[in-house]
Amino acid sequence: MSDAVLHLKGLKKSYNKGLVNEVNVLRGVDLTLTSGEIVALVAPSGAGKSTLLHIAGLLDVPDAGTVEIGGQLLSGKSDRRRTVSRRQDVGFIYQFHHLLPEFNALENIVLPQLANAVPRAKAEDRANELLQRVGIKERAAHRPAALSGGEQQRVAFCRALANSPRVLLADEPTGNLDPATSDQVFATLMQLVRETGLSALIATHNMELAARMDRILKLENGVLVPG
Ligand SMILES: Nc1ncnc2c1ncn2[C@@H]1O[C@H](COP(=O)(O)OP(=O)(O)OP(=O)(O)O)[C@@H](O)[C@H]1O
(Lines give C-alpha, C1' and ligand atoms only; values in the text may rest on other atoms or scores of the structure.)
Protein backbone atom coordinates (compact mmCIF):
# COMPACT_ATOMS: atom_id res chain seq x y z
CA MET A 1 0.00 0.00 0.00
CA SER A 2 1.58 3.28 -1.06
CA ASP A 3 0.60 5.38 1.97
CA ALA A 4 1.63 2.76 4.53
CA VAL A 5 3.55 4.48 7.31
CA LEU A 6 4.04 1.42 9.49
CA HIS A 7 3.93 -2.03 7.96
CA LEU A 8 4.33 -5.14 10.11
CA LYS A 9 4.30 -8.50 8.43
CA GLY A 10 4.31 -11.99 9.91
CA LEU A 11 5.79 -10.93 13.26
CA LYS A 12 6.61 -13.77 15.60
CA LYS A 13 8.14 -13.61 19.05
CA SER A 14 8.62 -16.23 21.73
CA TYR A 15 10.29 -16.10 25.13
CA ASN A 16 12.15 -18.92 26.88
CA LYS A 17 12.52 -20.77 23.60
CA GLY A 18 13.06 -24.51 23.95
CA LEU A 19 12.25 -24.47 27.67
CA VAL A 20 9.19 -25.94 29.34
CA ASN A 21 7.93 -22.43 30.01
CA GLU A 22 8.28 -21.28 26.36
CA VAL A 23 5.67 -18.69 25.54
CA ASN A 24 4.73 -17.85 21.95
CA VAL A 25 3.60 -14.27 22.37
CA LEU A 26 3.30 -13.14 18.74
CA ARG A 27 2.32 -15.84 16.26
CA GLY A 28 2.09 -13.93 13.00
CA VAL A 29 1.12 -10.30 13.49
CA ASP A 30 0.25 -8.30 10.37
CA LEU A 31 -0.57 -4.58 10.54
CA THR A 32 -0.58 -1.70 8.09
CA LEU A 33 -0.99 1.78 9.54
CA THR A 34 -1.72 4.35 6.88
CA SER A 35 -0.96 8.06 6.91
CA GLY A 36 -2.91 9.93 9.61
CA GLU A 37 -4.61 6.80 10.89
CA ILE A 38 -5.16 6.28 14.63
CA VAL A 39 -5.63 2.68 15.66
CA ALA A 40 -6.57 1.31 19.07
CA LEU A 41 -4.72 -1.78 20.24
CA VAL A 42 -6.75 -3.70 22.75
CA ALA A 43 -5.28 -6.68 24.55
CA PRO A 44 -5.81 -8.48 27.83
CA SER A 45 -2.93 -8.15 30.27
CA GLY A 46 -0.07 -10.43 29.25
CA ALA A 47 -1.32 -10.86 25.67
CA GLY A 48 1.83 -9.28 24.22
CA LYS A 49 0.92 -5.62 23.76
CA SER A 50 4.26 -4.30 25.07
CA THR A 51 6.15 -6.89 23.05
CA LEU A 52 4.36 -5.77 19.90
CA LEU A 53 4.87 -2.05 20.59
CA HIS A 54 8.57 -2.59 21.32
CA ILE A 55 9.09 -4.50 18.08
CA ALA A 56 7.08 -1.98 16.03
CA GLY A 57 9.11 0.84 17.62
CA LEU A 58 12.45 -0.85 16.85
CA LEU A 59 13.32 -1.34 20.52
CA ASP A 60 13.21 -5.12 20.18
CA VAL A 61 13.63 -7.53 17.31
CA PRO A 62 11.17 -10.22 16.17
CA ASP A 63 12.12 -13.90 15.77
CA ALA A 64 10.49 -13.74 12.33
CA GLY A 65 8.68 -11.20 10.19
CA THR A 66 9.43 -7.66 9.08
CA VAL A 67 9.01 -4.06 10.24
CA GLU A 68 8.86 -1.25 7.68
CA ILE A 69 8.54 2.42 8.54
CA GLY A 70 7.97 4.91 5.74
CA GLY A 71 8.70 2.18 3.18
CA GLN A 72 12.11 1.36 4.71
CA LEU A 73 12.73 -2.20 5.82
CA LEU A 74 14.23 -1.84 9.29
CA SER A 75 13.96 -5.24 10.95
CA GLY A 76 17.23 -7.07 10.49
CA LYS A 77 19.22 -3.86 10.21
CA SER A 78 22.03 -3.05 12.64
CA ASP A 79 21.29 -1.72 16.13
CA ARG A 80 22.80 1.60 15.07
CA ARG A 81 20.59 1.91 12.00
CA ARG A 82 17.49 1.05 14.01
CA THR A 83 18.42 3.56 16.71
CA VAL A 84 18.77 6.35 14.14
CA SER A 85 15.42 5.45 12.64
CA ARG A 86 13.76 5.19 16.02
CA ARG A 87 14.97 8.65 17.04
CA GLN A 88 13.73 10.20 13.82
CA ASP A 89 10.60 8.26 13.03
CA VAL A 90 9.08 6.93 16.24
CA GLY A 91 7.55 8.66 19.26
CA PHE A 92 6.73 6.68 22.41
CA ILE A 93 4.29 7.44 25.19
CA TYR A 94 4.08 5.22 28.25
CA GLN A 95 1.55 4.84 31.05
CA PHE A 96 3.95 6.61 33.41
CA HIS A 97 5.50 9.76 32.03
CA HIS A 98 9.20 8.79 32.41
CA LEU A 99 10.21 12.45 32.30
CA LEU A 100 13.70 13.23 33.59
CA PRO A 101 13.11 14.56 37.13
CA GLU A 102 16.09 16.94 37.22
CA PHE A 103 15.02 18.79 34.05
CA ASN A 104 12.06 21.11 33.62
CA ALA A 105 9.19 20.55 31.17
CA LEU A 106 10.80 22.56 28.37
CA GLU A 107 14.16 20.82 28.76
CA ASN A 108 12.51 17.40 28.70
CA ILE A 109 11.14 18.27 25.25
CA VAL A 110 14.37 19.91 24.06
CA LEU A 111 16.71 17.02 24.97
CA PRO A 112 15.50 14.42 22.41
CA GLN A 113 15.86 17.07 19.72
CA LEU A 114 19.46 17.80 20.74
CA ALA A 115 20.10 14.05 20.42
CA ASN A 116 18.94 14.46 16.82
CA ALA A 117 21.34 17.39 16.27
CA VAL A 118 18.62 20.05 16.20
CA PRO A 119 20.11 23.46 17.22
CA ARG A 120 19.10 24.49 20.76
CA ALA A 121 17.20 27.66 19.77
CA LYS A 122 15.14 25.76 17.23
CA ALA A 123 14.51 22.94 19.72
CA GLU A 124 13.29 25.44 22.31
CA ASP A 125 10.94 27.06 19.80
CA ARG A 126 9.51 23.66 18.96
CA ALA A 127 9.14 22.76 22.66
CA ASN A 128 7.33 26.02 23.41
CA GLU A 129 5.04 25.55 20.43
CA LEU A 130 4.11 22.04 21.56
CA LEU A 131 3.53 23.13 25.16
CA GLN A 132 1.26 25.87 23.85
CA ARG A 133 -0.68 23.36 21.79
CA VAL A 134 -1.35 21.12 24.79
CA GLY A 135 -2.32 24.17 26.86
CA ILE A 136 0.48 24.28 29.45
CA LYS A 137 2.99 26.79 28.08
CA GLU A 138 3.05 28.56 31.44
CA ARG A 139 4.40 25.36 33.03
CA ALA A 140 7.53 25.28 30.84
CA ALA A 141 9.94 26.01 33.69
CA HIS A 142 8.40 23.51 36.12
CA ARG A 143 10.09 20.23 36.90
CA PRO A 144 7.94 17.08 36.63
CA ALA A 145 7.46 16.87 40.42
CA ALA A 146 5.81 20.30 40.33
CA LEU A 147 3.28 19.25 37.68
CA SER A 148 -0.02 17.42 38.05
CA GLY A 149 -0.38 13.91 36.59
CA GLY A 150 -2.31 15.27 33.62
CA GLU A 151 0.30 17.97 33.02
CA GLN A 152 3.13 15.42 33.24
CA GLN A 153 1.45 13.30 30.56
CA ARG A 154 0.94 16.37 28.34
CA VAL A 155 4.67 17.07 28.58
CA ALA A 156 5.35 13.42 27.73
CA PHE A 157 3.14 13.82 24.62
CA CYS A 158 5.16 16.90 23.58
CA ARG A 159 8.40 15.00 24.11
CA ALA A 160 7.16 12.09 21.98
CA LEU A 161 6.28 14.49 19.15
CA ALA A 162 9.32 16.75 19.50
CA ASN A 163 11.20 15.23 16.57
CA SER A 164 8.11 15.08 14.33
CA PRO A 165 8.04 11.28 14.12
CA ARG A 166 6.07 9.42 11.46
CA VAL A 167 4.65 6.97 13.96
CA LEU A 168 3.40 7.39 17.50
CA LEU A 169 3.25 4.31 19.72
CA ALA A 170 1.47 4.67 23.03
CA ASP A 171 1.01 2.15 25.85
CA GLU A 172 -1.98 3.10 28.03
CA PRO A 173 -1.17 6.81 27.69
CA THR A 174 -3.82 7.91 30.17
CA GLY A 175 -3.97 4.71 32.22
CA ASN A 176 -2.42 6.34 35.26
CA LEU A 177 -4.93 9.18 35.51
CA ASP A 178 -8.33 9.46 37.18
CA PRO A 179 -11.26 9.02 34.74
CA ALA A 180 -12.08 12.74 34.33
CA THR A 181 -8.44 13.77 33.78
CA SER A 182 -7.89 10.77 31.52
CA ASP A 183 -10.79 11.89 29.35
CA GLN A 184 -9.46 15.46 28.99
CA VAL A 185 -5.85 14.43 28.44
CA PHE A 186 -6.90 11.82 25.90
CA ALA A 187 -8.87 14.46 23.99
CA THR A 188 -5.73 16.63 23.93
CA LEU A 189 -3.70 13.70 22.61
CA MET A 190 -6.21 12.94 19.86
CA GLN A 191 -6.31 16.60 18.81
CA LEU A 192 -2.52 16.82 18.75
CA VAL A 193 -2.19 13.63 16.73
CA ARG A 194 -4.89 14.72 14.26
CA GLU A 195 -3.35 18.18 13.82
CA THR A 196 0.10 16.76 13.14
CA GLY A 197 -1.26 14.14 10.72
CA LEU A 198 0.62 11.41 12.57
CA SER A 199 -0.12 7.72 12.37
CA ALA A 200 -0.66 6.25 15.81
CA LEU A 201 -1.05 2.87 17.46
CA ILE A 202 -2.48 3.41 20.93
CA ALA A 203 -2.86 0.55 23.39
CA THR A 204 -5.70 0.91 25.84
CA HIS A 205 -7.92 -1.25 28.03
CA ASN A 206 -10.57 1.46 27.92
CA MET A 207 -13.15 0.61 25.25
CA GLU A 208 -14.67 4.12 25.39
CA LEU A 209 -11.30 5.61 24.44
CA ALA A 210 -10.74 2.88 21.85
CA ALA A 211 -14.06 3.77 20.21
CA ARG A 212 -12.80 7.34 19.61
CA MET A 213 -10.04 6.06 17.31
CA ASP A 214 -10.36 5.18 13.61
CA ARG A 215 -10.41 1.43 14.16
CA ILE A 216 -9.85 -1.16 16.85
CA LEU A 217 -7.53 -4.16 16.66
CA LYS A 218 -7.47 -6.86 19.31
CA LEU A 219 -4.40 -8.91 20.08
CA GLU A 220 -5.71 -12.42 20.65
CA ASN A 221 -3.72 -15.63 20.72
CA GLY A 222 -0.75 -13.88 19.17
CA VAL A 223 -2.51 -12.35 16.16
CA LEU A 224 -4.39 -9.10 15.49
CA VAL A 225 -8.08 -9.34 14.76
CA PRO A 226 -10.57 -6.53 14.05
CA GLY A 227 -12.24 -5.34 17.27
N1 LIG B 1 11.84 -10.96 28.63
C2 LIG B 1 10.88 -11.87 28.81
N3 LIG B 1 11.18 -13.14 29.16
C4 LIG B 1 10.23 -14.06 29.34
N5 LIG B 1 8.90 -13.84 29.19
C6 LIG B 1 8.54 -12.59 28.86
C7 LIG B 1 9.50 -11.54 28.66
N8 LIG B 1 8.83 -10.40 28.32
C9 LIG B 1 7.51 -10.73 28.33
N10 LIG B 1 7.34 -12.03 28.64
C11 LIG B 1 6.04 -12.75 28.72
O12 LIG B 1 5.39 -12.58 27.46
C13 LIG B 1 4.00 -12.33 27.64
C14 LIG B 1 3.63 -11.00 27.01
O15 LIG B 1 4.27 -9.94 27.71
P16 LIG B 1 3.96 -8.40 27.39
O17 LIG B 1 4.72 -7.58 28.37
O18 LIG B 1 4.19 -8.14 25.96
O19 LIG B 1 2.39 -8.35 27.69
P20 LIG B 1 1.39 -7.11 27.80
O21 LIG B 1 0.23 -7.48 26.95
O22 LIG B 1 2.08 -5.85 27.51
O23 LIG B 1 0.98 -7.15 29.32
P24 LIG B 1 0.53 -5.95 30.32
O25 LIG B 1 -0.70 -5.35 29.70
O26 LIG B 1 0.25 -6.68 31.60
O27 LIG B 1 1.68 -5.00 30.41
C28 LIG B 1 3.76 -12.41 29.14
O29 LIG B 1 3.31 -13.73 29.42
C30 LIG B 1 5.11 -12.16 29.75
O31 LIG B 1 5.23 -12.82 30.98
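Which residues are around the ligand? Select Y15, N16, V23, V25, A43, S45, G46, A47, G48, K49, S50 and T51. A residue is near a molecule if its C-beta atom, placed from the backbone, lies within 6 Å of it. Two elements give two or more residues to this shell: β2 (23-34) and α1 (49-56). Helices here are DSSP runs of H or I with at least four residues, strands are E runs of at least two, and both are numbered from the N terminus. The biggest share of the shell comes from α1, with three residues. Colour the shell by type: five residues are nonpolar, six polar and one charged. In this scheme Ala, Val, Leu, Ile, Met, Phe, Trp, Tyr, Cys and Pro are nonpolar, Asp, Glu, Lys and Arg are charged, and the others, Gly among them, are polar.

**Before moving on**

This is a predicted model: local features need pLDDT of at least 70, side-chain atom pairs count only at pLDDT 80 or more, and totals for chains, interfaces and linings use all residues. Residues are numbered from 1 along each chain as its sequence is written. The pLDDT, the predictor's confidence in each residue from 0 to 100, averages 94 over the protein. At least 70 is reached by 99% of the residues. The model has ipTM 0.96 and pTM 0.94.

**Stop 1: the annotated range**

Select residues 6-225. UniProt lists them as "domain: ABC transporter", in an unreviewed entry. UniProt positions follow the numbering used here, feature names are shortened, and annotations may be inferred rather than shown by experiment. Over residues 6-225 the chain is 35% helix and 26% strand.

**Stop 2: strand β8**

Now select residues 199-203, strand β8. Why is β8 largely enclosed by the rest of the structure? Five of its five residues are buried, so the strand is largely enclosed. Buried means 20 or more other C-beta atoms within 10 Å of the residue's own, exposed means 12 or fewer, and partly exposed lies in between, with C-beta atoms placed from the backbone. S199, L201 and A203 point one way from β8. A200 and I202 point the other way.

Two strands pair if DSSP finds at least two bridges between them. Strand β3 (residues 38-42) runs parallel to β8, joined by four bridges. Here V39 has L201 as its bridge partner. Strand β7 (residues 167-171) also pairs with β8 in the parallel sense, over five bridges. L169 stands opposite L201 in that pairing.

Show helix α6 (residues 179-196) too. Together β7, α6 and β8 make a right-handed β-α-β unit. Right-handed means that, with the strands pointing away from the viewer, the path from the first strand over the helix to the second runs clockwise.

**Stop 3**

Go back to β3. Four bridges join β3 to strand β9 (residues 215-220), and the two run parallel. L41 faces L217 in β9. Strand β9 then pairs antiparallel with β10 (residues 223-226), again over four bridges. There L217 stands opposite P226.

β9 and β10 form a hairpin with two residues between them. Pick N221 in the turn, where phi is positive at about 50°. N221 counts as exposed because it has 10 C-beta neighbours inside 10 Å.

**Stop 4: another positive phi**

Select H98, in the loop between β6 (90-93) and α3 (105-114). Its phi is near 55°, a positive value in a residue other than glycine. H98 is partly exposed, with 13 other C-beta atoms within 10 Å.

**Stop 5: the open sheet**

Display β2, β1, β4 and β5. These four strands form an open sheet in the order β2-β1-β4-β5, with antiparallel pairing. The edge strands are β2 and β5 (72-73), each pairing on one side only. Strand β4 (residues 64-69) meets β5 over two bridges. E68 has L73 as its bridge partner there.

Pick A64 in β4. A64 counts as partly exposed because it has 14 C-beta neighbours inside 10 Å. Draw a line from A64 to A187: their C-alpha atoms are 36 Å apart, across 123 residues of chain.

Finish at E22, in the loop between β1 (4-15) and β2. Is E22 buried or exposed? With 10 C-beta neighbours inside 10 Å, E22 is exposed. From E22 to H7 is 15 residues in sequence and 27 Å in space, C-alpha to C-alpha.
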